[in-house]
Amino acid sequence: MPKATASWLIDNTSLSFRQISEFVGIHLLEVQAIADGEVSSGILPRNPLENGELTLEEITKCEKDEDSSLNIKNSDIDTTRSPTIDKQ
C-alpha cells in the first residue's frame, strides 16, 4: 500500500517527493514516476488521514517546512497490555 498512500499524498498535499518517499518507504524516483502517471495506473489512492496514519496537523507542518519529515501517528490502542484468557 505504499504506492497507494504516495499517490494520495501527491494528489492532495504540497509535500515534497522526498518527504513522501521517506514516509512511505519507496525510492524517490518511484514517487516521481507515480506523480508522472508512469506507474500509478490501477492504483487506488489510500488516504493516510482516514486510516489513522497521519494527522492534518502533521501534513500542514511538513508542507510549511520541506526539511521536516512526516511522523506516523501514534496508535490510540494500548499495546502495553496483552489480552488474557480467563482460566477459572
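Modeller: This is a predicted model. A place to begin is Glu58, which is buried, with a relative accessible area of 13%.

Biologist: Why is Glu58 called buried?

Modeller: Buried means under 20% relative accessible area. Glu58 has 13%, and is therefore buried.

Biologist: What makes Glu58 and Lys61 a salt bridge?

Modeller: The rule asks for a side-chain nitrogen of Lys or Arg within 4 Å of a carboxyl oxygen of Asp or Glu. For Glu58 and Lys61 the N to O distance is 3.6 Å, so the pair counts as a salt bridge. Both residues lie in helix α4, three residues apart, about one turn of the helix.

Biologist: How many salt bridges does the rule give?

Modeller: The count is four. One of them joins Arg46 and Glu53, with the closest N and O atoms 3.0 Å apart. Glu53 is buried, at a relative accessible area of 17%. Another joins the side chains of Glu22 and Arg18, at 2.8 Å from N to O.

Biologist: What separates Glu22 and Arg18 along helix α2?

Modeller: About one helical turn, because they are four residues apart in α2. Glu22 is partly exposed at 46% relative accessible area, and Arg18 is partly exposed at 28%.

Biologist: Why are α2 and α3 described by the angle term they carry?

Modeller: The axes of α2 (residues 17-24) and α3 (residues 28-35) cross at roughly 115 degrees and come within 9 Å. Angles of 65 to 115 degrees count as roughly perpendicular, so α2 and α3 are roughly perpendicular to each other. Their crossing is right-handed.

Biologist: Which residues meet where α2 and α3 are in contact?

Modeller: Phe17, Arg18, Ile20 and Ser21 in α2 meet Leu28, Val31, Gln32 and Ala35 in α3. By class, this contact has five nonpolar, two polar and one charged residues.

Biologist: What does Asn71 touch?

Modeller: Leaving out residues up to four places away in sequence, Asn71 touches Phe23, Glu53, Leu54, Glu58 and Lys61. Asn71 and Phe23 are 48 residues apart in sequence, yet 7.4 Å apart in space, C-alpha to C-alpha.

Key. Residues are numbered from 1 along each chain as its sequence is written. This is a predicted model: local features need pLDDT of at least 70, side-chain atom pairs count only at pLDDT 80 or more; totals for chains, interfaces and linings use all residues. Side-chain values use heavy atoms; hydrogens and water are left out. Axes are lines fitted to C-alpha atoms, for helices over the stretch in contact, and angles run from 0 to 180 degrees between N-to-C directions. Helices (H or I, at least four residues) and strands (E, at least two) are DSSP runs, numbered from the N terminus. Angles under 35 degrees count as roughly parallel, over 145 as roughly antiparallel, 65 to 115 as roughly perpendicular and the rest as oblique. A crossing is left-handed if the near helix is turned anticlockwise from the far one by less than a right angle, and right-handed if clockwise. Contact means heavy atoms within 4.5 Å. Ala, Val, Leu, Ile, Met, Phe, Trp, Tyr, Cys and Pro count as nonpolar, Asp, Glu, Lys and Arg as charged, and the others, Gly among them, as polar. Buried means under 20% relative accessible area, exposed over 50%, partly exposed in between (1.4 Å probe, protein chains only).
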